[in-house]
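I opened my notebook to look at the surroundings of a ligand and then at one helix. Here is the structure I worked from.

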Amino acid sequence: MSLAQSDQERHCMMNPLDHEEFRRQGHMIIDFIANYYRDIEKYPVRSQVEPGYLHKRIPENAPYNPEPIETILQDVQNHIVPGLTHWLSPYHFAYYPANASIAASLGEILCTGFNVDGFNWIASPAATELENIVMDWLGKMLELPESFLFSGNGGGVIQGTTGDAVLCTVIAARDQLLNRIGRDNIVKLVVYGSDQTHCSLHKAAKIAGIHPNNVRSVKTTKSKAFALSPDSLRSAIISDKEAGLIPLYLCATVGTTSSGAVDPVGPLCDVAEDYGIWVHIDAAYAGSACICPEFRHFIDGVECANSFSFNPHKWLLTNLDCCCLWVKDPSALVNAFSTDSEYLKNTATDSKQVVDYKDWQVPLTRRFRAIKLWLVLRSYGVVNLRNYLRRHVEMAKHFEGLIAMDKRFEVVVPRKFSLVCFRISPSARVNGCSADDEESTANELNRKLLKSLNDSGRVCMTHAIVGGIYMIRFSIGQPLTDYRHIEMAWKVVQEYTDAMLGTYLK
Ligand code: PLP
């Protein structure tokens with residue numbers, strides 16, 4: 001180790017926030033990430049490592065002596081990057097996207113640089129007030145009714161994930177009802193979703209103490225595009241009431257995880273209203289699209305819901321993590337989550353003029369996520385955010401067009417946003433080889449196709465099974481994805497299909 005280097009390390013240890021050292025190392029990390037973005041197409045999209053690979057490469061104990069950032073970054077390149085599945089690759093079409101942008105990345109740096117803990121207003125007034133402001137901005141972009149905005153006595157909060165948002169609203173709904181009818185009734189409470197609802201609802205219900213037998217996954221069908229039918233919901237509620245149970249909460253989804261299905265918000269709210277059920281709208285992925293006037297109709301009826309959430313970290317150019325939750329009645333959250341520790345008491349809270357976000361969430365501590373969202377909204381503006389989303393939807397239409405030209409394939413469910421669910425059709429007949437008409441054979445064929453696609457490292461996609469059909473989800477929404485990537489991905493799909501079935505002759 002050189003003398004200069006050891007001086008530097010000693011200095012770092014003395015002042016972990018030395019501003020010149022921060023500047024030096026910070027530039028190196030930004031350069032590292034910039035090069036990562038430049039080179040991202042070179043990496044296999046889905047990590048190709050075997051389980052336990054990292055244990056073989058990293059020492060068993062933490063270093064006793066400090067190590068320079070140069071060495072650490074070299075190890076990131078050599079040992080960490082190979083174990084990454086490159087979510088930001090333009091060939092990553094798996095799950096739903098996890099967006100990032102220059103604005104949000106730099107917003108994250110501001111958030112982590114200031115490192116304030118805005119659990120209540122006084123702990124950092126700007127953190128709370130900026131969150132109030134951006135949540136109202138975004139609420140207006142979505143044309144949420146005034147009753148969801150701070151300006152209309154509702155309000156929004158940034159949570160980490162939809163899982164948090166669903167948990168908080170289930171607990172708020174539970175306490176609101178039990179405070180009225182008595183806590184012993186908890187065993188009778190029932191929550192509702194469809195068989196397409198995200199498993200966050202099951203987890204939330206479990207944590208909230210809802211009896212495991214009282215979580216309804218109302219069946220959906222292909223003929224209704226896997227949307228929750230208001231009639232089926234009503235039937236489920238009626239039979240629960242006849243059994244002496246008490247309906248509590250409905251989670252309706254706009255853009256389901258498996259297939260992008262949209263539950264009919266307005267008609268479901270009408271049913272829920274008849275039974276006094278709290279309605280939460282989970283628009284984790286598709287909510288972003290609803291800032292475009294042409295997609296806004298998918299959340300029509302939201303004015304009758306109690307709460308609404310979506311994840312800008314999925315499709316609105318915001319780095320993980322960021323889930324926006326609005327409620328009409330913040331007091332339902334505050335009554336469920338407020339705490340009264342002496343050390344947190346202050347005059348601003350006593351004045352009741354401020355929001356203390358610690359009372360709108362499970363933990364006390366909270367990051368200054370609003371600054372990241374603020375940078376995104378200001379840096380891109382509504383116009384560019386809309387165009388960004390529209391372009392992905394147009395790419396999805398283009399991909400559907402490519403599928404339509406090859407009769408071996410079919411789109412399984414109607415596309416609404418930028419998710420295309422397709423498969424090798426059971427009726428594919430190619431050069432005398434046939435994909436057996438049996439659905440189960442088709443399922444096996446598609447499973448094999450997906451495996452070979454992902455093993456190739458050239459693209460990454462995931463699957464879903466709806467109505468017994470195994471389908472490949474092609475989810476467009478990563479910021480670096482362009483038409484050429486869509487076309488290349490389709491070529492890769494055809495290439496591996498050719499290898500399995502024989503070449504398709506026009
Ligand atoms: N809800 C829907 C409709 C989703 O698609 C997802 C994830 O893809 C989630 C909830 C879970 O979101 P989170 O990871 O933010 O909890």
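Which polar backbone atom is 2.9 Å from an oxygen atom of the ligand? I looked this up in the model, which is a predicted one, and found that the backbone atom belongs to Gly-163.

Next I looked up side chains. A polar side-chain atom of Asp-282 lies 2.6 Å from a nitrogen atom of the ligand, and for Asn-311 I noted a polar side-chain atom 2.8 Å from a ligand oxygen atom. The ligand on its own has 400 Å² of accessible area, and the protein covers 83% of that. Two elements each give two or more residues to the shell around the ligand, namely helix 6 (162-181) and helix 10 (312-315).

I then listed the shell itself, which has 13 residues, and wrote down that Thr-162, Gly-163, Thr-257, Asp-282 and Asn-311 come nearest to the ligand. Sorted by class, the shell holds nine polar, two charged and two nonpolar residues.

I checked its length: the helix has 17 residues, 125-141, and at 1.5 Å a residue it should span 24 Å, which agrees with its end C-alpha atoms because they are 24 Å apart. Among the buried residues of helix 5 I noted Leu-130, Val-134 and Leu-138, but also Glu-131, Asn-132 and Asp-136. The buried residues of this helix pack against strand 1 (155-159), strand 6 (307-310), strand 7 (323-327), helix 13 (369-404) and helix 10, and helix 10 is also one of the elements I had listed for the ligand shell.

Last, I looked at Glu-143, which follows helix 5 and has a positive phi, near 55 degrees.

Terms used
Residues numbered from 1 in each chain as written. Predicted model: local features only at pLDDT ≥ 70, side-chain atom pairs only at ≥ 80, totals over all residues. Heavy atoms only, no water. Near = heavy atom within 4 Å. Polar contact = N/O pair within 3.5 Å; in protein donor to acceptor, adjacent residues only side chain to side chain. Areas by Shrake-Rupley, 256 points an atom, 1.4 Å probe, with all protein chains shown as cover. Helix = DSSP H or I, 4+ residues; strand = E, 2+ residues; numbered from the N terminus. Nonpolar A, V, L, I, M, F, W, Y, C, P; charged D, E, K, R; others polar. Expected span 1.5 Å × (residues − 1). Buried < 20%, exposed > 50% of the residue type's maximum accessible area, 1.4 Å probe, protein only. Contact = heavy atoms within 4.5 Å.
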